[in-house]
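Thanks for coming. I will take this one feature by feature, and you can follow along on the screen.

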Amino acid sequence: MDCKRLTRLIVGLFLICTVAPAQFGDYEWARGLTREFDFDDMAEQIFNDLLSGPGRTGVEKQQGRLGLAEMKQLQARGAPDLETALALFDASRTLMQGAVKDWPEKNTLPYYEAIFSLADLLQERGELAMNAVTQGRVDAVKAESITRAAEQDYGRAEMELNKVRVAMGEPDPEDDRQKWRVKNKAWYGLCLLKYNKALTGKPNSAKREIALSDAAEMLEEFILENETDDPEAMLGALYGYIQLGRVHAARDNPDEAIGNFSSVLDIIVWDVPEEPNYRLAPAIQGLVEVAYFRLLEFLNDQKRFEQTIRYGSEMEARFSKMSLSFKKLGRAARVGLAEARLATGDMSGALGIATDVVDTAGGDASGVLANRLVAEIIAATPDKTQFKPEIIRSAAKGAYSQGKEKRQDAIKYFQILLQVLPQIEDEAQRKYFEADAWYYMGRAYYFMGRRLEAAYCFGEGTKRCKDVDKDDLNENLANFWRSTLNDLAQETQSKEVARVLADANDWMIANPVGTVSKGVLLYRKARSIEDEGKKLRRSKNAAGAISKYDQAARTYEEAVRAGGPKKEQAMIKGARTGLTVAQLLIDNAQAGKAKTRLTAAKQAFKQYLAYAKDPENKLTDPRYMTSREAARAEARYSIALANRLLMGNAPDAETAKRLWTETLPYLEGFEQEYASQTGLCVSVVSDRIKARISLGDVAGAERDYQILRGIDATDPKTAYAAFTVGKHLRVAAEAAFDKVVGKATPFKGGAWEEVASKPGFEAALAGVRRPYGYYREWLLAGSGQKKMSYWELVCFMWGRTGDWDAIYDIHRKALSRFEGTASADQKKIMVWKNKLFHADVALAKRAEAAGKVDDASRLWNEANQLAEVLMASGAYRNNPHTIRLAAQAFGGYVAKRAGLVKYAPCLGQHDKAVQLWKKIERSLKAVGESGGDAWWEAKFYIYYSAYEMDRAAGRSLMKLRDKLETLQATNSDGNKVWNDYFEWLKAKLF
């Protein structure tokens, strides 16, 4: 393959496959709220609204389940014990399985993303359970059932991934790149699942070996499939080689493992002579770092330290030549190199590498590994004060990161660090190291259960280092000092601890520390109270929740008045909490109290917007700017929400006008300022349409509807907005239409032709088509409205217009949706079939006139099927208008084109047609209407049908000629409309 192309390729490396992002909506908004802004309460409300809110689509309901499942999954990871973790995983699994099972739009990217999330969840739960059993952390009585459940999890995950893989077939990446990526993601996921599952088995067991063998075979197949000239596929194959090396390592096949890891490095192009500034592309650098990390890690496990040094030195030389900075896994590989140097007696070389990694890691996992190595080196040296403070500090953090009994070692190292700090000449650096030491000593004591000593360390650090604001150390020390003492005071009820806590508070009041201020303390207190309110709300204690939320809102207000760095957060959270109180009051039938809280919450949101707009409060940090923009968007939306709630279910016109007038400025321009927040934009623009309608600005509402369609044409709010606009326009339009049309319908022939020729008809028709078009968009939005009555309404509307294309489309879709369902009203079904039949005939005639033979044939065949049904039973078998068209559908019709008589045979079933024409003739005779246009029409088709049947049977036409002459003799003037047609037929008979 072309290695140069490979080295320049930049692709997403997560399981090889890059799935296109879904459109931003309520689901993504809620995930962002919980992950980025810590607004869990609001996110949970949105997830629940997606799941069970009115007007939600099938996809949205399942997204609600996914969101709640993800929250449970995160809670499970932080659970204090295995039983709680498994219970939370079970809840998450149930939600996620339900989402996948009920996903309405299968074979879509969001559906496959849901399957992959489910497979990851099942594997994570199975791995947690199996590891607990293997490591003996499970009671023997429960071990069997836990193991069985874990096996079921793995089996279900494997089934889901394999199902996707099989469903994708054998796509060519050049023809269908997206389908190929989905297949590869599922395939590689299966490989990882088999490997991870195997590692949960007991070492040297047959079960583990068989599972690893299966993983190896699947990876070899995956590699073979992807080892092509396609750069993206080849990149996947190389990751497959790395994973295959891990499998061989687990199977104790060292030469194969090393061969797999090193083969990846052998393929990469390290030098391009014609490009002196050649660099590895980021994607290829990532691949290389993974390969080196796995290779050096394995060589060290095998105690092949000389090989580790050879490969590690080669890696450093290559990266240095290209001036590449190591990323996380590259730094971790360097730690492996340092470990090998230490094992071979090169302590200086090992320490140099490890401390360099610590300096460049920025606190990530590679830095943790390096810190541990530094701690190991220092532990082996009797006189630790000979090391520089930076080295001692690295060792202390390395010991701290290992937890448990190593925290005691960390405390010793930090104490040594405090002794050697005078070596540091830079005062700011010295103070920072001192504050950091007290901070970590306090945390170490805390996690060891020695909280009084922890509080002492936090207090000493706070007092000695109150000016150290780097990494928020001053704030963290003061907060931990106070909170640790506060917890001890509450738990022990000790007067001595209470006195120490009081002294600490007095000291902090007298000596403001960094950003720890009264406002900050009040803000954190409010959050704590709010958390209590959430718990009460989840336990269905409405009164208790209202009281706590109300208390939290008042405390947020105090925090705002106190000021400080948390003022802005307190403003938005206080406003939101006040709005939550109002919503809870409404839910509990306390509308009077809710009105006061809604007004206050609305005012709080307005104050926040004014604060954020004030130039004096301008932000420059992009992180905070993003949060502010999200809060501003929320505030504008919430003002509109508060006013909607103030209107109630049935507001008087004056109240609605006043509140919508106040709301409208907050809604205008929202979609331009916050275009990325699609879900919120949909809600805001739909509110804007309601406001404009209420204020009489119909043209503005229609413009906003087009904007709404552009944001998300499938959202239920968009559909409802179409209904709102259509409903507002409908009354006046129908009044004008009725004035011209009266009771005439397109299904009664002559009467309709007469009104259609009236002056003003076209304008009146255009008038009703406008609202009817909105009703039609509302009806068909998404998967369509569910109630049959809604379809009946829109079918009735368009049935009045004579627009055969629209009549055909809407009635065909209505029948497709409801015919054959148990709940469908059969009388209405027959009405729809009759209207569709009329449309079929009209469109078929139009197609024939345009020379579209295939379209006409299809329409006549459909009309024939409907005619059979309509003529078989029910009211339409005696309806003259329907009978007439059925007769034409069966036997054809005659018309003049370019002055010449032409006969269209339609289906040519003259035996059926003649019976219907005779039925029409008899009915006209019975009511004394013989001799009119309709009677002559029936007579013509009776004679023409007889002509076609006699001719087809080879019978003489003499008797038919005699009957025709008798008819003309007894009706000497004939009929002005039909005379030319009879003469045309007569010419065929003679």
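**Walking through the model**

Alanine 150 is where I start, and it sits in helix α7, residues 140-168. Before going on, please keep in mind that this is a predicted model.

Is alanine 150 buried or exposed? Its relative accessibility is 0%, so it counts as buried; the cut-off for that word is under 20% relative accessible area. For a sense of distance, take alanine 150 together with arginine 955. The two are 805 residues apart in sequence, and their C-alpha atoms lie 84 Å apart in space.

A second pair of that kind is lysine 595 and serine 757. They are 162 residues apart along the chain, with 57 Å between their C-alpha atoms. Lysine 595 belongs to helix α26, residues 591-613. Its relative accessibility is 54%, and therefore it counts as exposed, since the cut-off for exposed is over 50%.

Next, salt bridges. How many does the structure hold? The count is 70. As background, side chains of opposite charge can pair when their charged atoms come close. I will show three of these pairs.

The pair on the screen now is aspartate 346 with arginine 341, whose side chains form a salt bridge at 3.7 Å, N to O. Aspartate 346 has a relative accessible area of 29%, so it is classed as partly exposed.

Then there is glutamate 671 with arginine 688, a salt bridge at 2.8 Å, N to O. Glutamate 671 is in helix α29, residues 670-673, and arginine 688 is in helix α30, residues 678-694, so this pair ties together parts that are 17 residues apart in sequence. Glutamate 671 and arginine 688 are both buried.

Glutamate 777 is partly exposed, because its relative accessible area is 29%. Arginine 709, at 35% relative accessibility, also counts as partly exposed.

Some salt bridges share partners. Glu668, Glu671, Arg688, Arg692, Asp697 and Asp704 are joined in this way into one network. That puts the buried pair, glutamate 671 and arginine 688, inside the network.

Now to the charged patches on the surface. Which residues make up the negative one? They are Asp467, Asp469, Asp471 and Asp472. To place one of them, aspartate 471 is in the loop that runs between α20, residues 451-464, and α21, residues 473-492.

There is also a positive patch, made by Lys918, Arg922, Lys959 and Lys963. Two helices, α40 at 910-926 and α42 at 958-970, each contribute at least two residues to the positive patch. Lysine 963 is in helix α42. With a relative accessibility of 54%, lysine 963 counts as exposed.

On to the strands. β1 covers residues 893-897 and β2 covers residues 900-904, and they pair in the antiparallel sense over 5 bridges. What is the bridge partner of tyrosine 893 in β2? The partner is alanine 904. In a regular strand, side chains alternate between the two faces of the sheet.

Most residues other than glycine have a negative phi. Alanine 898, in the loop between β1 and β2, has a positive phi of about 55° although it is not a glycine. Why does alanine 898 count as exposed? The reason is its relative accessibility, which is 84%.

Asparagine 107 also has a positive phi, near 60°, and is likewise a residue other than glycine. Where is asparagine 107 found? It is in the loop between α5, residues 82-101, and α6, residues 109-134. Asparagine 107 has a relative accessible area of 58%, so it is exposed.

That is the end of my tour.

Conventions: Residues are numbered from 1 along each chain as its sequence is written. This is a predicted model: local features need pLDDT of at least 70, side-chain atom pairs count only at pLDDT 80 or more; totals for chains, interfaces and linings use all residues. Side-chain values use heavy atoms; hydrogens and water are left out. Patches are made of residues with over 30% relative accessible area and no salt bridge: like charges are joined within 9 Å, nonpolar side chains (Val, Leu, Ile, Met, Phe, Trp, Tyr) within 5 Å. Accessible areas come from the Shrake-Rupley method with a 1.4 Å probe; for residues, only the protein chains shown count as cover. A salt bridge is a side-chain nitrogen of Lys or Arg within 4 Å of a carboxyl oxygen of Asp or Glu. Lys and Arg count as positive and Asp and Glu as negative; His and the chain ends are not counted. The place of a charge is taken as NZ of Lys, CZ of Arg, CG of Asp or CD of Glu. Helices (H or I, at least four residues) and strands (E, at least two) are DSSP runs, numbered from the N terminus. Buried means under 20% relative accessible area, exposed over 50%, partly exposed in between (1.4 Å probe, protein chains only). Two strands pair if DSSP finds at least two bridges between them.
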